[in-house]
Each structure stands twice: as C-alpha cells, then as structure tokens.
Amino acid sequence: MIQSSRFENLPNEIFHELKSYLTANDLYLAFFGLNTRFNELLGSLSNLHFEIRSAVDDQRTATKFFGSSIISASVRHDSHATSISSTFSHLRSLTLQRAIRLTSTTFSTIERVTLDLSNMRLKHAACLCQWLFSDRGQSLRVFHLVHRKRRAVGHWKPLIDSIRGQSSTLKLFIYDVQPTVEWNAFVHFLSKMPNLERLIVKKLNTRNRWAQCNLAETLKKNVPNLNFLSVRLTFLNHNTLTISNDDDYRRLHPLFTHVISMKQRKLSGFNSTVIISS
C-alpha cells in the first residue's frame, strides 16, 4: 500500500530545509496564518533571502515579521535605497538587478554585492560602482560582476570612468560577463582592488592580442596578495593566444598551476581560449 503524510505532520527539520529553496517572500505567502505551529516555525528561521519584487512598502508585513532574520536581498525592480536600508537593517548580501542610488549610510553592513548588468544600462550602474570603490563600502568583502546577455546596453566607458577610488576591503572578485570587453577595462577593475586575495573569472571575452605573460604581469602589478586563481579567457576572431613552450607556467606566476590552451575555428577566424587555475 502507498502511504502518504500531510506536510503539517512532517518533522520541523524538513520545514527548516525549505529556506534553502524558497525566499522569505514565498515562505510567508505559503505558510503564514495556516496555524500556530507554522507561525512559530516561520519565526524561528534565520539567514533568509528576500526578493524585492515591488516597492518595499508593499511588502512591509512580511519584512516586519521576519525582521533581522533577513540577511540577503535581491533588487529586481526600482526601489528607494533609504527604504531598503531601514527595512533590512541586518543585510550582509545584496544582489542588484536594477540601479538604485546608494548613500554613505545606506548599507554599512553589506559584505557581498552582486551587480547584475543583464537588464541594466551600463551608465546607470556607474553610481553603484562609485559607492563600491570608495571608503563608504567599509564592510565589503565580495564583489560579483555578472552580465548574462551577449550584448551590453550602452558603452563600457562611463562605467569604467566612474571607478576612481579603491576598495581596500575586497577579498574576492567574481567576474562573469558575456559581452566582449576591452582587456584594459578588466585590468582597470583589478587596479582598484589592492588587497584582493581570490579571483574567479568565469567568462571574459575580448578581442585584444594577448599572451599568458600579459595576465601574469597584470596580476603581479595590481593584485600582489592573490592566493587563489580561476580564470577562463576567450580571445575572439584572432589567432591571438601565444602559447608558451615551457611546461612550468609557474615561472610566469606562482598561481599558474594548471594551464589549458585551446583554439576553435570560426567563420571570422580563430577563437583562442585559455583556462588557468591555482
């Protein structure tokens, strides 16, 4: 016989596992008000993620209920930064898919920022980068830059020009950008992270001529404290990759432990890809 059990009869441990799959919004909508036990279970949850889908004031009931249990949030729609900071006073992680205007007191507790440029004009992201690369982001440890579409909306120059200060607290930089960028733009990011310890480049497409020694010199000059490296670079439409005949790539840089180079023929020429990891 097939045995079944109602969800409300399952142990509390299974309910606590749900927070790994559902946002605080969904948990509140699904379970709040069903009975006293579910209300108590919701109130006992911690380290929750909240998705700001509309104006913060429109979601005030849920945010008030969870309070300090919300430590990460994503902004998908236009929102006022002041209302976000006053509502989520214990945020440690923030994902920005829309540009919002940050101030010096907006997010003093933020340790991780994901800046998703997929649906954001690059010039609108400039004000966010001004805040990130300044002494106002004093708690910032991780910066994740992502762009999942093939083409960027606008030119990279306004975004790059906006980064004038440095972020001395950044320890991890994750770069995952689909659109083609100039090599100098990527180098400019690195030059503003003097104390970086970990660098992960999931995707970087460029048309600049390049050799492995170029990356080695870039890392030595801009991020001398690096102790972890994982990089995938693709050079478009050129036979651009200069492959060293020396198997000991660590002569170029101590983190060049594993190096894989490959070329792929395209209609417009060759694409060269190199994968380097420590």
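Analyst: **Salt bridges and packing**

Lys171 and Glu197 form a salt bridge, with 3.8 Å between their closest N and O atoms; the term stands for a side-chain nitrogen of Lys or Arg within 4 Å of a carboxyl oxygen of Asp or Glu. This pair links distant parts of the chain, 26 residues apart, since Lys171 sits in the loop between H7 and strand E6 (172–177), and Glu197 in the loop between helix H8 (183–191) and strand E7 (198–206). Helices (H or I, at least four residues) and strands (E, at least two) are DSSP runs numbered from the N terminus. The model is a predicted one, in which local features need pLDDT of at least 70 and side-chain atom pairs count only at pLDDT 80 or more, while totals for chains, interfaces and linings use all residues. Residues are numbered from 1 along each chain as its sequence is written, and side-chain values use heavy atoms, with hydrogens and water left out.

Lys171 is partly exposed at 29% relative accessible area, and Glu197 is partly exposed at 31%; buried means under 20%, exposed over 50%, and partly exposed in between (1.4 Å probe, protein chains only). In general, side chains of opposite charge can pair when their charged atoms come close.

The whole structure holds two salt bridges. In the pair of Asp116 and Arg148, the closest N and O atoms are 3.2 Å apart. Here too distant parts of the chain are linked, 32 residues apart: Asp116 belongs to strand E4 (residues 112–116), and Arg148 to the loop between strand E5 (142–147) and helix H7 (157–162). Asp116 is buried, with a relative accessible area of 7%, whereas Arg148 counts as exposed at 58%.

The largest cavity is lined by Phe7, Leu10, Pro11, Ile14, Phe15, Arg37 and Phe38. Helix H1 (12–17) and helix H3 (36–44) are the elements that give two or more residues to this lining. A cavity is a set of points on a 1 Å grid, over the protein atoms alone, where a 1.4 Å probe fits but cannot get out, and lining residues have an atom within 4 Å of a point.

Note on methods: 1 Å grid on protein atoms, 1.4 Å probe; cavity = no way out; pocket = protein on both sides within 12 Å on 5 of 7 lines; lining within 4 Å.
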